[in-house]
Structure formats: structure tokens, C-alpha cells
Amino acid sequence: MGVAYASAAEPSAEREVRRLLAAGAPRVAVAPYLLAPGHFADRTRDASLAAGAAVVAEVLGASPEVAAVLAERHDEAVRHRPVSVPA
């Protein structure tokens with residue numbers, strides 16, 4: 001298993017796919033941890049497939065699980081919102 005990044009951090013998806021294949025992985029599947037289609041999803045898919053990935057999953061998209069996590073995080077942030085003090 002490997003971890004890669006879709007933005008400026010390293011390793012890139014392409015580099016990680018190539019590393020895993022060179023290390024003897026018979027197949028590499030990429031599961032982007034992205035919420036929506038677009039630039040990063042397209043770039044990750046294209047680079048991963050070009051590097052030899054067997055398959056690239058779709059983005060997470062609209063799902064009840066993602067919505068539940070977002071709602072939970074929102075509620076937590078509201079409960080711990082700092083009180084603003086007038087200047």
C-alpha cells in the first residue's frame with residue numbers, strides 16, 4: 001500500500017504507482033480521496049493510468065457517509081466556536 005498526493009506534495013500519484021510496480025506489486029489500484037470531479041481528479045486518474053495503474057476509482061462524490069461526516073464536523077465546530085470579544 002502507498003500514499004500519494006494530488007497537489008504539490010510528494011510523492012505524486014504517478015510516482016507512487018511506478019514505485020509500487022517496481023517493488024513487485026502485480027497490480028495497482030488507485031482510490032482518490034477527493035470529494036468531487038475536476039482538475040485534481042482528472043490529473044490523478046490520467047497520471048496514474050499512464051504510470052501503469054490497473055484501475056482508478058471514481059471520486060467520493062455525494063454520498064450519505066460523506067454528508068454525515070461533514071455534518072458531524074460542522075456541529076463540532078459550532079459547539080467549540082470561540083466567543084468573539086468586542087475591541
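The accessible surface of the chain comes to about 6600 Å² (Shrake-Rupley method, 1.4 Å probe). Carbon and sulfur atoms hold 61% of that surface. The model is a predicted one: local features need pLDDT of at least 70, side-chain atom pairs count only at pLDDT 80 or more, and totals for chains, interfaces and linings use all residues. Residues are numbered from 1 along each chain as its sequence is written, and side-chain values use heavy atoms, with hydrogens and water left out.

The chain contains 3 helices and 2 strands. Here helices are DSSP runs of H or I with at least four residues, and strands are runs of E with at least two, numbered from the N terminus. Their order along the sequence is α-β-α-β-α. The radius of gyration is 18 Å, well over the 12 Å that the globule rule gives for 87 residues, so the chain is more spread out than a compact globule. This radius is taken over C-alpha atoms, and the rule is 2.2 Å times the number of residues to the power 0.38. The C-alpha trace spans about 60 × 30 × 25 Å along its principal axes.

Of the 87 residues, 18% count as buried. Buried means under 20% relative accessible area, with a 1.4 Å probe and protein chains only. In soluble globular proteins, nonpolar side chains tend to be buried together. The largest nonpolar core in this chain has 7 residues: Val17, Leu20, Val28, Val30, Ala51, Ala53 and Val56. Such a core is a set of buried Ala, Val, Leu, Ile, Met, Phe, Trp, Tyr and Cys residues joined through side-chain atoms within 4.5 Å. Contact means heavy atoms within 4.5 Å. Leaving out residues up to four places away in sequence, Val28 touches Val17, Leu20, Leu21, Ala53, Ala54 and Val55.

Pro11 lies in the segment before α1 (13–22). The peptide bond from Glu10 to Pro11 is cis, with omega near 5°. Glu16 sits in helix α1. Glu16 is buried, with a relative accessible area of 8%. Beyond its neighbours within four places in sequence, Glu16 is in contact with Gly2, Val3, Ala4 and Pro11.

Pro32 belongs to the loop between β1 (29–30) and α2 (39–50). Pro32 is also buried, at a relative accessible area of 11%. Not counting residues up to four places away in sequence, Pro32 touches Val56, Ala57, Glu58 and Leu60. The C-alpha atoms of Pro32 and Arg45 are separated by 8.4 Å, and the two residues are 13 apart along the chain.

Methods: Buried means under 20% relative accessible area, exposed over 50%, partly exposed in between (1.4 Å probe, protein chains only).
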